[in-house]
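Trainee: I have a new structure open and I'd like to learn how to read it. Could you walk me through a few features?

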Amino acid sequence: MKAKTFKNKFNSSIELVCKDEAIVSCAWDCIGDLKLHSNSASTGVNPGNDDNNNNDDISEENETTTAVDMETQRNRKVFRWRKKDVSLSDKCFTQEKNEIEDIKSPLEYFRKFWKGDINEFVAQQTNLYSTQKSGTSMNTTKPEMEQFIEMHLKMGLIQLPSYKLDWSQKMRYQTIAEQMPLNRYEKLRSDLHFVDNSVLEQNA
């Protein structure tokens with residue numbers, strides 16, 4: 001007969017007497033399992049379920065990730081560089097010299113889009129609108145309207161917080177201020193028109 005003391009996972013000691021140590025070990029495992037299940041039954045919790053559930057969740061996540069990776073791998077296009085001789089075209093660009101226009105000034109290019117008859121038309125509509133509004137025509141002309149458009153283009157290049165500063169003493173911009181007085185500029189600015197309002201009212 002041999003006596004052997006074992007310690008289980010609960011740190012409790014028990015002494016078993018048996019001829020065969022293997023039988024003693026088997027018996028002790030059974031005792032430990034019975035005690036574990038007994039404690040679980042009293043608390044109503046199965047300690048093994050959480051581990052199993054966690055393992056199942058991890059397994060499902062791994063399977064989902066693997067499936068997504070495989071689908072991405074199947075849809076991915078594979079591009080391979082291949083060495084190939086480039087065929088050169090024997091055609092060349094030719095153009096007669098007389099077809100190429102000479103380089104023009106910025107003003108000449110602008111007048112290709114904003115032609116002189118536009119300024120004349122705007123001057124007529126502005127005079128008409130000022131007459132309809134106040135009973136007195138502004139008597140603006142095509143050259144004055146060209147100056148007005150020129151002033152606006154320059155104001156777009158040299159921007160100030162207020163257009164009135166171009167005529168101020170401290171920040172006076174000669175290129176604009178010398179074109180026309182501030183009062184005349186503001187009058188043109190307020191009455192500038194491109195269409196007859198009476199025609200719009202009739203169409204409405």
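Mentor: Let's start with a term we'll need: a residue is buried under 20% relative accessible area, exposed over 50%, and partly exposed in between. Take Glu186: its relative accessible area is 24%, so Glu186 is partly exposed. Keep in mind that this is a predicted model.

Trainee: Got it. What does Glu186 meet in a salt bridge?

Mentor: The general idea is a side-chain nitrogen of Lys or Arg within 4 Å of a carboxyl oxygen of Asp or Glu. Here, the partner of Glu186 is Lys164, at 3.9 Å from N to O. The pair links distant parts of the chain, with Lys164 in the loop between α5 and α6 and Glu186 in helix α7, 22 residues apart. Lys164 counts as partly exposed too, at 44% relative accessibility.

Trainee: How many salt bridges does the structure hold?

Mentor: There are 5. One of them joins Lys133 and Asp191, whose closest N and O atoms are 2.3 Å apart. That one also links distant parts of the chain: Lys133 sits in helix α4 and Asp191 in helix α7, 58 residues apart.

Trainee: Is Asp191 buried or exposed?

Mentor: Asp191 is buried, at 0% relative accessible area. Lys133, on the other hand, is partly exposed at 45%. There's also a network here, in which salt bridges with shared partners join Lys133, Lys187 and Asp191.

Trainee: And which salt bridge partner does Lys154 have?

Mentor: First, the general idea: an α-helix has 3.6 residues a turn, so residues three or four places apart point the same way. Now the case: Lys154 pairs with Glu150, and their closest N and O atoms are 2.9 Å apart. Both lie in helix α5, 4 residues apart, which is about one turn of the helix. Both are partly exposed as well, Lys154 at 22% and Glu150 at 31%.

Trainee: Back to α4. How many residues does that helix have, and how far does it reach?

Mentor: Helix α4 runs over residues 116-134, which makes 19 residues, and reaches 27 Å from its first C-alpha to its last. That is close to the 27 Å expected at 1.5 Å a residue. Its buried residues include Asn119, Val122, Ala123 and Tyr129. After the helix comes Gly135, with a positive phi near 85°.

Trainee: What about the rings? How many aromatic pairs are there?

Mentor: The count comes to 4 aromatic pairs. One is Phe148 with Tyr185, a tilted pair at 5.5 Å centre to centre and 35° between the planes. Phe148 belongs to helix α5 and Tyr185 to helix α7, so the pair ties together parts that are 37 residues apart in sequence. Phe148 counts as buried at 2% relative accessibility, and so does Tyr185 at 0%.

Trainee: Which other ring pairs with Tyr185?

Mentor: Tyr163 does, again in a tilted pair: 5.5 Å centre to centre, with 55° between the planes. Tyr163 is in the loop between α5 and α6, 22 residues from Tyr185 in helix α7. With 23% relative accessible area, Tyr163 is partly exposed. Ring pairs link Phe148, Tyr163, Trp167 and Tyr185 into a cluster.

Trainee: One more: which residue lies over the face of Tyr163?

Mentor: That's Arg189, at 4.5 Å from the ring centre.

Conventions
Residues numbered from 1 in each chain as written. Predicted model: local features only at pLDDT ≥ 70, side-chain atom pairs only at ≥ 80, totals over all residues. Heavy atoms only, no water. Helix = DSSP H or I, 4+ residues; strand = E, 2+ residues; numbered from the N terminus. Expected span 1.5 Å × (residues − 1). Buried < 20%, exposed > 50% of the residue type's maximum accessible area, 1.4 Å probe, protein only. Phe/Tyr/Trp six-rings, centres within 6.5 Å; stacked < 30°, edge-to-face > 60°. Lys NZ or Arg CZ within 6 Å of the ring centre and 35° of its normal.
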